[in-house]
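Hi,

Here is the model I promised to pass on.

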Amino acid sequence: MSFRRGVVRQSKFRHVFAQAWKAEHCIDDVRVSRVTWDTGLCAVNPKFIAVIIEAGGGGSFLVVPISKSGRVDQACPTVCGHAAPVLDIQWSPHDDNIIASASEDCTVKVWQIPDGGLTSPMTEAIVNLEGHSKRVGILAWHPTAFNILLTAGCDNVICVWNVGTGELVYQLNDTHPDLIYSVCWNKDGSAICTVCKDKALRVIDPRRGTVVKVKEKVHDGTRPMRAVFLSDGKILTTGFSRMSERQLALWDTKDLSEPMAVQEMDTSNGVLLPFYDPDTNMVYLCGKGDCTIRYFEVTDESPYVHFLSLYSSKEPQRGAGFLSKRGVDVNKCEIARFYKLHERKVEPISMTVPRKSDLFQVDLYPDTAGSEPALLADEWIAGQDAPPLLVSLGGGYSAPPSKHRDTLRSKPKLVSQDSGAAPPSTGNAAAPTSTPCSAAKEAEEEVPQPRVATRETDGNTERPKREDELLNELLAEMKALRAVVLAQSQRIELLERQLARIEDGDV
């Protein structure tokens, strides 16, 4: 009688592997802050890397282009307008040049970084937000509404600001009796989840100022916790057990009486910072002082939270930044990228799905949140909600040269000033969406000229005689490519199933 092992769960992310970039692509001589606040100390978007650094007096952070590598000169200009150490920094999801910073000086400042980075020290913020009576350590931009920023301080108060006007629109004074550990918006920004020193998980409507749901003692340990909303409305928390074991738990907001899943990991004392990718439904856990990054996939199948793998290195991390999906390299099947902070170095780490095909992998890259906001600040304040506006990462995908193509065509450039939307990026840069404070300046600097599609033949460029013929040709080519992509995706799924059967010993 033969016994079969359990069926291996099918997932395209089972074989995701993490790989650190080579030393020449790291950023060296970065004096990472030694502040004891439990944040990532780093924020990344498709254009810039920002790192909170040590400062002789006051507080400052470094901003460099994402393409930067090598040594950072000690005379490199920084953002240095705070009077005390900076505790948290966050890039705006709707403008890649706008960053907010929170500090021990009880203020929040919003800065506009020029394209290409800083050329001189920046001391004057475009907006100063003053409403907390103690240090401010948590920032969270609204995921879909333009210029809405949430802040939380050690005064146990949550403030919601309209950055465009500098106005404090909501203030939650009585919802938390003790220190707030983390705050996270849900997918459409209609609610937030928080965890507090009283060990309770709360779901709050920030516009009404009411606690919608509460769960006491989500983790029994006394050390700090974290909570993030998932795209389907569930909440994932990290914390500690009564025996000081680090835990990961999944909660259904419809019934918070018991967790859907709990996983215990180890007895390290570093707080686990969760980084969630809504496109893949993967969660990455990065602990300050750890040498590892664990990653999991959350599904609707029991046990709901599935451990995938672990990245391990010799050097502990002081913090980490998580790149938004618009910045990953789709040509290399990169689904996520971390920027690991060492004591004096920033090291990129890519999470990659191994694929042999050179084609754009549609199944790995569903439409993702773009930089265009779904709502204006006043619309959200008035009670409207909307999911993120999605963009395709395939639009900017550069396919490898075809051996059977005799004619190369140059793609017409997209002018972002006309629509305010930036084309999706496959590399390390993306055009920003203009804010009201920067649109006038950009309009003065660049007046968009009408562009005409061109065709290059044997090195010579000529105007097409019949635009409709060219359009039909492009549409036919796109249709053929879609058919090839679909066929290759089905072939890949078949091979993955065969590989799983071989690994199980079924073949």
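The largest nonpolar core in this predicted model has 64 residues, and the ones touching the most other members are Phe61, Ile113, Tyr284 and Met351. Strand β4 supplies the largest share of that core, with six residues. There is also a second, separate core of 28 residues, with Ala191, Met225, Ala227 and Leu285 among them. As you know, nonpolar side chains tend to be buried together in soluble globular proteins.

Phe61 deserves a click. Leaving aside residues up to four places away in sequence, Phe61 touches a run of residues from Ala50 and Val51 to Ile52 and Ile53, plus Thr78, Val79, Val86, Ile89, Ile99, Ser101 and Trp111.

Now for the sheet that β4 belongs to. Four strands make up an open, antiparallel sheet in the order β3-β4-β5-β7. Its edges are β3 (42-44) and β7 (79-82), each of which pairs on one side only. On average, neighbouring strands here are turned by 20 degrees against each other, ignoring direction. β3 and β4 (residues 48-53) run antiparallel and are joined by three bridges; in one of the pairs, Ala43 has Ala50 in β4 as its bridge partner.

Cheers

Note on methods:
Residues are numbered from 1 along each chain as its sequence is written. This is a predicted model: local features need pLDDT of at least 70, side-chain atom pairs count only at pLDDT 80 or more; totals for chains, interfaces and linings use all residues. Side-chain values use heavy atoms; hydrogens and water are left out. Two strands pair if DSSP finds at least two bridges between them. Helices (H or I, at least four residues) and strands (E, at least two) are DSSP runs, numbered from the N terminus. Axes are lines fitted to C-alpha atoms, for helices over the stretch in contact, and angles run from 0 to 180 degrees between N-to-C directions. A nonpolar core is a set of buried Ala, Val, Leu, Ile, Met, Phe, Trp, Tyr and Cys residues joined through side-chain atoms within 4.5 Å. Buried means under 20% relative accessible area, exposed over 50%, partly exposed in between (1.4 Å probe, protein chains only). Contact means heavy atoms within 4.5 Å.
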